[in-house]
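Hello,

Here is the structure I promised to pass on to you. Have a look at it first, and then read my notes below.

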Amino acid sequence: MITKDILSLLLKINEEMGITIVVVTHQMEVIKQICNKVAFLKNGKILSVGKPEELFVAPNTEIQKFVGDDVEFLPKEGTNIKLFFTDTNSSSHTITELARTLNIDFDICQGKLETFRAGIMGSLIINVNDSDKENVFTYLTEKEVLWEKI
């Protein structure tokens with residue numbers, strides 16, 4: 001509870017007094033809760049800089065490995081697609097609408113929701129039949145869902 005109290009105090013000081021606070025930590029939860037900008041460093045070099053929700057929800061491969069979030073097991077058949085849910089689309093019914101609109105079945109392979117200072121965000125990996133992939137790509141793009149084929 002002490003850590004949470006200290007983080008709350010730091011956030012309050014930042015917001016009320018407008019003081020920039022630099023936090024150096026290996027605790028990713030601290031970053032997600034109080035930081036509005038983050039830089040990942042490895043061996044003295046900057047890997048990436050940006051908003052925590054952008055870097056944790058839709059990280060590049062190197063950041064995924066850095067934070068221990070790389071994907072290990074995915075189906076070898078079909079097409080694996082990772083969808084990113086950010087503050088703009090995290091409350092929509094994207095998955096159920098996708099299945100109903102395209103009248104397709106797919107497998108949910110992996111998912112993750114995380115709490116950030118700005119709200120709840122996350123990602124979901126689905127596996128679709130190869131014959132459905134182009135329709136899924138088009139649908140997600142039209143709905144402005146950030147996605148990538150993995």
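**What I found**

Strand 3 and strand 5 (residues 119-128) pair in the antiparallel sense, with seven bridges between them. Please keep in mind that this is a predicted model.

Let me stay with strand 3 for a moment. One of its links to strand 5 is at Phe85, whose bridge partner there is Gly122. Strand 3 also pairs with strand 6 (residues 146-149), again in the antiparallel sense, over four bridges. In that pairing, Ile81 stands opposite Lys149 of strand 6.

Is strand 3 buried or exposed on its two faces? Both are covered: Thr79, Ile81, Leu83 and Phe85 are buried on one side, and Asn80, Lys82 and Phe84 are buried on the other. In a regular strand, side chains alternate between the two faces of the sheet. Seven of the seven residues of strand 3 (residues 79-85) are buried, so the strand is largely enclosed by the rest of the structure.

Now to a pair of helices. Helix 5 (residues 94-102) packs against helix 6 (residues 133-142) at an angle of about 130°, and their axes are 11 Å apart. The two helices are therefore oblique to each other, and helix 5 passes helix 6 in a right-handed crossing.

Which residues meet where these helices touch? From helix 5 come Thr94, Glu97, Leu98, Thr101 and Leu102, and from helix 6 come Asn135, Val136, Tyr139 and Leu140. By class, this contact has five nonpolar, three polar and one charged residues.

Enjoy exploring it!

Best wishes

Terms used:
Residues numbered from 1 in each chain as written. Predicted model: local features only at pLDDT ≥ 70, side-chain atom pairs only at ≥ 80, totals over all residues. Heavy atoms only, no water. Buried < 20%, exposed > 50% of the residue type's maximum accessible area, 1.4 Å probe, protein only. Pairing = 2+ DSSP bridges. Axes fitted to C-alpha atoms, helices over the stretch in contact; angles between N-to-C directions. Parallel < 35°, antiparallel > 145°, perpendicular 65-115°, else oblique. Left-handed = near helix turned anticlockwise from the far one by under 90°. Contact = heavy atoms within 4.5 Å. Nonpolar A, V, L, I, M, F, W, Y, C, P; charged D, E, K, R; others polar.
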